[in-house]
Amino acid sequence: PPLTSATQAASDALIRAAKQPKPPFDFAQVLIDSSSLNLDQLPPEEIRASPALQAMAEGFPWSRVVYAEAIERLLGAGAKLIILDVHFPKERVGDEILRETLARHPG
């Protein structure tokens, strides 16, 4: 609904505008925002070429495949620590893939 979209856009703008203290180390925070939920800015061929983007395009909540791919890409980009702040209340598609990803990267 339009009100939900406006609320999400306002929330995203507040997060971007907020003055954040610089952490004492290299740090990147990856958030789910309205751009993550709406893939209109991506070309259709890019979505077709990526299983994770295809899963995201199916709507939120996403398959666990999306989280597994994000972990792999963050580690591939040099991340030393990844903290997931998510709640998975019941089994979903891709749980096994996420489990395997976490098992490959213990700690």
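**Helix packing**

Reply: The buried residues of helix 5 pack against helix 4 (51-57) and helix 6. Buried means under 20% relative accessible area with a 1.4 Å probe, protein chains only; contact means heavy atoms within 4.5 Å; helices are DSSP runs of H or I, at least four residues, numbered from the N terminus.

Me: Where do the numbers come from?
Reply: This is a predicted model, in which local features need pLDDT of at least 70, side-chain atom pairs count only at pLDDT 80 or more, and totals for chains, interfaces and linings use all residues. Residues are numbered from 1 along each chain as its sequence is written, and side-chain values use heavy atoms, without hydrogens and water.

Me: Which residues in helix 5 are buried?
Reply: Arg64, Val65, Val66, Tyr67, Ala68 and Ile71.

Me: At what angle do helix 5 and helix 6 pack?
Reply: About 25°, with the axes 7 Å apart, for residues 64-76 and 95-104. The axes are lines fitted to C-alpha atoms over the stretch in contact, and angles run from 0 to 180 degrees between N-to-C directions. Helix 5 and helix 6 are therefore roughly parallel, the term for angles under 35 degrees.

Me: Which residues meet there?
Reply: Arg64, Val65, Tyr67, Ala68, Ile71 and Glu72 of helix 5 meet Asp95, Ile97, Leu98, Thr101, Leu102 and Arg104 of helix 6.

Me: Changing topic, what comes just after helix 5?
Reply: Gly78, with a positive phi of about 105°.

Me: And how many helices and strands are in the protein chain?
Reply: Six helices and zero strands. The C-alpha trace spans about 40 × 40 × 30 Å along its principal axes.

How values were computed: Helix = DSSP H or I, 4+ residues; strand = E, 2+ residues; numbered from the N terminus. Parallel < 35°, antiparallel > 145°, perpendicular 65-115°, else oblique. Buried < 20%, exposed > 50% of the residue type's maximum accessible area, 1.4 Å probe, protein only.
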